[in-house]
Amino acid sequence: MANKKILSGNEAIAAGAYVGGVSVASAYPGTPSTEILENLVKYPDVYCEWAVNEKVGMEVAIGASFAGKRSMTTMKHVGLNVAMDPLMTFAYVGANGGFVVVSADDPGMHSSQNEQDNRYIAKFAKIPMLEPSDSQDAYDMMIEAFKLSEKFSIPVMLRTTTRVSHSSGIVELGDFKRDAENGKKYEKNIPYTVPVPLYSRPMHVRIEQKLIDLEAYSETSKFNRLEKGTDGVGIITSGIAYAYVREAFPNASILHLGMTNPLPKKMIADFAASVDRLYIAEEDEPFIEEQVRAMGIKVCDPETSLRIGELNPDRINLMAAEVYGTEKPAKAEPITGLPGRPPVLCPGCSHRGVFYALSRLKCMVTGDIGCYSLGAFPPLSAMDTIICMGASVGNAHGLAKAGYEGKVAAVLGDSTFFHSGITGLLNIVYNKGCSTVIVLDNRITAMTGHQDNPGTGKTLMGEETIATRVEAIAAGLGVHRVRTVDPYNLDETYNIIKEELESDEPSVVVSCRPCVLGARLKVVRKFAVESDKCKKCKMCLKIGCPAIEVADDGTTRINPVLCVGCGMCEQVCKFGAIKETGI
Amino acid sequence: MNKVINISIVGVGGQGTLLSGELLCRVALLAGMDVKKSEVHGMAQRGGSVISQVKLGPKVYSPLIPEGGTDILVSFEKVEALRWAHLLKKDGVAMVNAQEIRPITVSTGAAQWPDELDKRLGDTFENLELIPALDMAQEMGNAKCANVIMIGALAKHMDIDPEIWRQAIRELVKPKFVDLNLKAFDASYNL
């Protein structure tokens with residue numbers, strides 16, 4: 001029987017990496033890339049680790065490539081911004097052992113702060129790129145990527161998207177035989193591994209030649225496929241867009257590009273010449289289209305825009321109706337006025353105590369990336385800005401140095417602090433800042449699904465390790481005022497944050513309580529509202545706990561299924577109406 | 001089956017929508033069909049509205065179903081059935097678990113819970129099956145098998161040997177829950 005399995009795109013990438021012979025994988029979690037390493041670590045003979053950030057992850061994988069081993073690093077699209085520095089120069093240096101960087105982009109921003117198209121980074125870095133359309137592609141391409149990397153001595157990008165990574169399909173796994181023997185080892189060759197100007201100038205010449213050779217390879221790549229149609233319409237497509245196009249244009253000719261850097265220009269020119277009307281259907285930015293137009297090829301410009309937001313069958317069906325001049329597909333309008341289900345901080349979330357204090361203090365809050373972004377929403381509304389991982393710290397310092405007259409607190413999580421908050425904090429200390437940095441230390445990387453980090457005392461491989469303390473790092477950087485608070489104690493949290501905001505030297509407040517979901521602690525108590533004592537003031541709703549509901553008579557009550565017994569609501573009730581109960 | 005069947009499974013995070021999608025995929029694999037499934041993880045999962053789409057048939061390209069292209073809408077919750085009603089074909093079937101889960105927007109008074117939900121469901125869907133899956137599951141002693149009760153009801157609409165569904169349950173469910181889930185499947189399949 002054929003060896004078939006149902007795999008998500010990310011599971012297929014992990015399976016392909018295993019078969020392709022990866023020996024070392026280092027990555028920082030980020031939606032939609034996280035499950036790749038979580039699955040890869042289940043295979044034997046592969047060293048996997050959570051790096052503290054994407055830059056370090058890439059540098060570790062580069063080190064393994066120097067050693068002659070096949071290596072990879074995975075990240076979400078914005079993670080590659082962090083890892084750009086090593087990538088740009090490693091491209092010049094070139095891979096020894098096969099090296100693959102997986103960029104998981106998020107068109108539609110399901111869980112991201114922008115929808116940048118990282119295909120431009122492959123072109124910018126001058127490295128080959130493979131773009132899977134489904135799980136089968138992801139598996140096949142990952143195996144091929146290591147060979148390609150070694151053949152041309154160059155890092156390879158595999159660029160996936162949320163829809164490919166998180167969709168599942170049947171994957172034909174073949175003999176599933178692991179190929180880790182590439183016969184390579186480190187051999188000292190300074191002119192090829194040390195990009196000082198003397199050596200990097202010839203490196204630039206070499207990479208330009210590699211691109212010429214890679215374009216010739218792209219012309220023959222098995223991932224660039226022509227599907228001949230009959231109706232004169234031709235469509236160039238890639239990634240998930242191929243799947244929608246194939247269904248919406250059953251009679252069109254399709255040039256399905258799986259290797260999209262460098263583009264197979266001759267193949268594209270031949271294709272364009274073979275059809276009456278040429279269209280390009282790609283998700284995110286017009287990456288292929290700009291290059292095809294630059295070749296002087298006439299590309300039809302449909303009114304149906306494929307730019308901004310995720311593509312889907314509806315948008316491609318609209319395009320098909322326009323291309324063929326048929327009636328637009330009839331669509332029912334969604335029913336409006338239904339109550340939404342917005343994401344909220346969980347019952348018992350330890351971030352709540354800090355945000356409640358910050359909302360009472362009415363200070364400006366520079367925020368960061370994590371579950372705690374939800375602190376920006378009502379009723380807490382205690383986050384003013386978000387830019388990128390670690391930006392809260394530098395932003396707070398900048399506001400202070402610009403003379404902003406109000407109080408400013410920077411808020412970031414433990415994993416984000418380790419990722420890129422430390423450098424910002426050192427900058428505050430060095431430059432005589434006075435900012436207050438609050439680290440929401442819930443001892444886990446929660447947002448991406450509870451991964452370990454340097455503070456948890458456990459590695460991705462499941463081994464015990466040193467559990468680094470935020471307080472010790474802050475003190476080591478030279479912060480004199482380092483305070484630890486229990487965010488479940490609302491008065492203490494409020495008072496200490498207030499004191500630190502008023503201090504004229506840098507301070508760090510560590511809010512310490514494990515993530516309720518991550519720690520799976522046993523619930524030992526619950527709380528209930530004694531309705532005869534409830535004055536309907538709705539004060540308890542100000543903490544934004546999803547377990548607190550309003551009854552028909554206007555009194556509040558606590559949903560016993562949802563309550564985890566944190567006790568924050570008891571502290572905000574001025575009338576003593578909320579009481580601890582058993583479980 | 002010689003054509004592609006489009007199934008949308010919707011519900012609230014934690015109700016077992018994702019496992020139901022996996023089960024359908026396994027059924028397709030065992031039945032020798034092609035299949036694609038799409039779902040989105042991340043922020044939407046935290047108490048949010050969850051959707052999983054499964055397409056199965058001789059050859060499937062897209063993991064997403066166009067709006068108005070769903071043959072069978074399986075909803076684990078009443079308001080979610082209304083929220084996703086526009087996905088269903090005009091002659092499609094809506095199978096709705098008779099359960100109501102109120103979100104925080106309603107419990108805090110920021111939004112209104114719709115009145116006369118059963119009537120609205122009846123007005124919205126031409127082919128509606130309201131299934132007391134949660135009650136049935138609780139009678140069996142475990143509310144968690146409500147999702148498999150819904151799957152049993154769904155299986156009746158599909159031209160696939162019930163033994164294949166049972167096999168998929170055996171392969172996917174944790175060993176100690178297999179018997180319970182087989183019982184749940186049969187209860188609604190034979191209803």
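Reply: A patch here joins residues with over 30% relative accessible area and no salt bridge, like charges within 9 Å and nonpolar side chains (Val, Leu, Ile, Met, Phe, Trp, Tyr) within 5 Å. This is a predicted model, in which local features need pLDDT of at least 70 and side-chain atom pairs count only at pLDDT 80 or more, while totals for chains, interfaces and linings use all residues, and side-chain values use heavy atoms, without hydrogens and water. Residues are numbered from 1 along each chain as its sequence is written, and chains are lettered from A, ligands numbered from 1, in the order written.

The part to look at is a nonpolar surface patch of about 320 Å², made by A:Ile190, A:Val194, A:Val196 and A:Leu198 (Shrake-Rupley areas, 1.4 Å probe, with only the protein chains shown as cover for residues). Of these residues, A:Ile190 lies in helix α9 of chain A, residues 190–193 (helices, H or I, of at least four residues and strands, E, of at least two are DSSP runs numbered from the N terminus). A:Ile190 has a relative accessible area of 39%, so it counts as partly exposed (buried is under 20%, exposed over 50%, partly exposed in between; 1.4 Å probe, protein chains only).

B:Ala94, in strand β5 (residues 88–97) of chain B, has a relative accessible area of 0% and is therefore buried. Leaving aside neighbours within four places in sequence, B:Ala94 is in contact with B:Leu73, B:Leu88, B:Phe125, B:Asn127, B:Leu128 and B:Glu129 (heavy atoms within 4.5 Å). B:Ser75 is 19 residues from B:Ala94 in sequence, and their C-alpha atoms are 7.5 Å apart.

In chain A, helix α19 (residues 490–502) has buried residues including A:Leu490, A:Tyr494 and A:Ile497, and what covers the buried residues of α19(A) includes α15, β15, β16, β17, β18 and α21 of chain A. In chain B, the buried residues of α8(B) include B:Val178, B:Leu182 and B:Phe185, with α5, α6 and α7 of chain B among their cover.

Between the chains, 50 residues of chain B are in contact with 48 residues of chain A, and the two chains bury about 4,000 Å² between them, 63% of it on carbon and sulfur atoms (accessible area lost on being put together, 1.4 Å probe, summed over both). The rule finds five salt bridges across this interface (a side-chain nitrogen of Lys or Arg within 4 Å of a carboxyl oxygen of Asp or Glu). The side chains of A:Arg341 and B:Glu77 also meet in a salt bridge, at 3.2 Å from N to O.
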